[in-house]
Amino acid sequence: MSTEGGTKALVAALSANLGIAVSKFVAFAFSGSSSMLAEGVHSIADSGNQVLLLVGGKRSKRAATEEHPFGYGRERYVYGFLVSIVLFSIGGMFAIYEGYEKIAHPHELENWYWPVGVLVFAILLEGYSFLTAYKEASKDKGKHNWAAYIRRAKAPELPVVLLEDTGALIGLALALLGVGLSAATGDATWDGVGTLCIGVLLVVIALVLALETKSLLIGESADADVVTRIRAALVDHDTVTSVIHMRTLHVGPEELLVAAKIGVNAEDSAAVIAEAIDRAEVRVREAVPIARAIYLEPDIYSEEKALAGPDADATPGGPGPNAH
C-alpha cells in the first residue's frame with residue numbers, strides 16, 4: 001500500500017468524522033436520543049483513531065538508530081493496535097452501556113427530526129469517506145477478495161479506515177432504524193436497542209482489528225508471491241544453485257528483512273561466491289524493492305542439510321531445476 005494512499009484516506013475520514021461528531025452531539029442535545037449520543041462518541045473515537053494512525057505514520061519514518069537498527073516501521077502496527085483498544089473501550093463499551101441504560105430506563109424521544117436529519121447528513125459524509133478508502137484500497141488489493149486483503153495487508157491504515165467506515169455506515173443505519181421505530185411507535189426502547197446494536201458492532205470490529213494488528217506486531221512473513229519472486233531472484237543457476245532455507249519478516253509495512261542460506265558450488269572461490277552474493281542482493285532488490293535488509297549465508301547444498309533445516313518443506317534446490 002502506498003503511504004500517500006493511506007494518508008489520503010485518513011485525512012478524508014478525519015474530516016468527515018469531525019463534522020459528523022459535532023452534528024450528532026447537536027442532535028442529541030435537542031432530542032435526547034441515546035443512539036445519537038452513542039454515535040457521537042463513536043465519531044469522536046474514530047477521529048481519535050485517525051489521529052493515532054497519522055501520528056504512527058509520521059513516527060515510523062524516523063531514521064534507524066543503534067538501538068533500533070531496523071528503524072521504526074513497525075510503530076505503525078503499534079498505533080493500529082491502539083486504535084482497536086480505543087474503538088473497543090470508548091466506542092463499543094460506551095454504546096453498550098448507554099443502550100442498556102436506555103432500555104432499562106426509557107424516556108421519550110424529543111424532536112425526532114433532529115437525529116433523522118443528522119443521520120442522513122452523516123451517511124452522506126461517511127459515504128464520501130468510505131468511497132475514498134475503497135478507491136485507494138482497490139489499487140492495492142490486487143486479485144485478493146476484501147476479506148483476504150484485510151487479512152494479508154501489511155499496512156494498517158487502509159484496512160482500519162475501511163472497517164471503521166463500514167462499521168460507521170452500518171451503525172448509522174441501525175441508529176436511523178432505532179430512532180425511526182421510536183418515533184413511529186412512541187416507544188423509546190427501540191432507540192436503546194439501536195444503541196446496543198451499535199455497541200456490539202463496534203466491539204466486533206475492534207476485535208477483528210486487534211487480531212489482525214496483533215499478528216503484524218508479532219511479525220508476519222512476506223506474501224507467498226513475494227517469497228516466490230525472492231527465491232527466483234536469488235538463484236542464478238551458475239554460482240548460486242539453490243535456496244536451502246529462507247526466512248522473511250516485515251519490519252514495517254514497506255520494509256522487508258530477508259535471511260537465506262543459499263547453495264553454492266563447492267569448487268568456487270570465496271571471491272567468486274562473494275561477488276555472486278552481491279549480485280543476488282541486487283536481483284532481489286530489483287524484484288522486491290521493499291527488501292531492505294538482506295542476509296545471505298553460502299553453503300554447499302545437500303539433501304541432509306535441507307531436510308535438517310527449519311523449513312525443509314519449503315526448500316527447493318539441489319539436484320533438479322535449480323541445480324547447476
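Where in the chain is the place of Ile277? In this predicted model, Ile277 belongs to helix α9, which spans residues 270-287. The sections below begin with the chain as a whole, continue with its helix pairs, and return to Ile277 at the end.

## Overall architecture

The protein chain contains ten helices and three strands. Read from the N terminus, the order of elements is α-α-α-α-α-α-α-α-β-β-α-β-α. The radius of gyration is 26 Å, whereas the globule rule gives 20 Å for 324 residues; the former is well over the latter, so the chain is more spread out than a compact globule.

Taken along the principal axes, the box filled by the C-alpha atoms is roughly 90 × 35 × 35 Å. Of the 324 residues, 49% count as buried. Among contacts in the chain with a separation of 6 or more, 76% are accounted for by residues 24 or more positions apart.

## Helices α2 and α3

Helix α2 covers residues 34-59, and its axis lies 9 Å from that of α3, at a packing angle of about 175°. An angle over 145 degrees counts as roughly antiparallel, and α2 and α3 are therefore roughly antiparallel to each other. The contact of α2 with α3 comprises 15 nonpolar, seven polar and six charged residues.

## Helices α3 and α7

Helix α3 (residues 75-104) also packs with helix α7 (residues 189-218); here the axes are 7 Å apart and the angle is about 160°. The angle makes α3 roughly antiparallel to α7. The crossing in which α3 passes α7 is left-handed. By class, the residues of this contact divide into 24 nonpolar, ten polar and four charged.

Ser84 is found in helix α3 and has a relative accessibility of 2%; since under 20% means buried, Ser84 counts as buried. Beyond residues up to four places away in sequence, Ser84 touches Ala206, Leu209 and Ala210.

Asp191 is part of helix α7. With a relative accessibility of 0%, Asp191 counts as buried. When neighbours within four places in sequence are left aside, the contacts of Asp191 are Ser33, Ser34, Ser35, Lys102, Leu109, Gly178, Val179 and Ser182.

## Helices α4 and α6

Helix α4 comprises residues 113-141 and helix α6 residues 157-185; their axes come within 9 Å and cross at roughly 160°. The two helices, α4 and α6, are therefore roughly antiparallel to each other. Their crossing is left-handed. In the contact of α4 with α6 there are 18 nonpolar, three polar and three charged residues.

## Loop residues with positive phi

Most residues other than glycine have a negative phi. Asn111, although not a glycine, has a positive phi of about 45°. This residue, Asn111, is placed in the loop between α3 and α4. Its relative accessibility is 29%, so Asn111 counts as partly exposed.

A positive phi, of about 60°, also occurs at His237, which is not a glycine. The loop that holds His237 runs between α8 (224-234) and β1 (240-252). At a relative accessibility of 41%, His237 counts as partly exposed.

Is Ile277 buried or exposed? The relative accessibility of Ile277 is 12%, and with the limit for buried residues set at under 20%, Ile277 counts as buried. Which residues is Ile277 in contact with, leaving aside its neighbours within four places in sequence? The contacts of Ile277 are Ile262, Leu296 and Pro298.

The position of Ile277 can also be described relative to Arg59. These two residues, Ile277 and Arg59, stand 218 residues apart along the chain, and their C-alpha atoms are separated by 33 Å.

Notes
Residues numbered from 1 in each chain as written. Predicted model: local features only at pLDDT ≥ 70, side-chain atom pairs only at ≥ 80, totals over all residues. Heavy atoms only, no water. Axes fitted to C-alpha atoms, helices over the stretch in contact; angles between N-to-C directions. Helix = DSSP H or I, 4+ residues; strand = E, 2+ residues; numbered from the N terminus. Parallel < 35°, antiparallel > 145°, perpendicular 65-115°, else oblique. Left-handed = near helix turned anticlockwise from the far one by under 90°. Nonpolar A, V, L, I, M, F, W, Y, C, P; charged D, E, K, R; others polar. Rg over C-alpha atoms; globule rule 2.2 N^0.38 Å. Buried < 20%, exposed > 50% of the residue type's maximum accessible area, 1.4 Å probe, protein only. Contact = heavy atoms within 4.5 Å.
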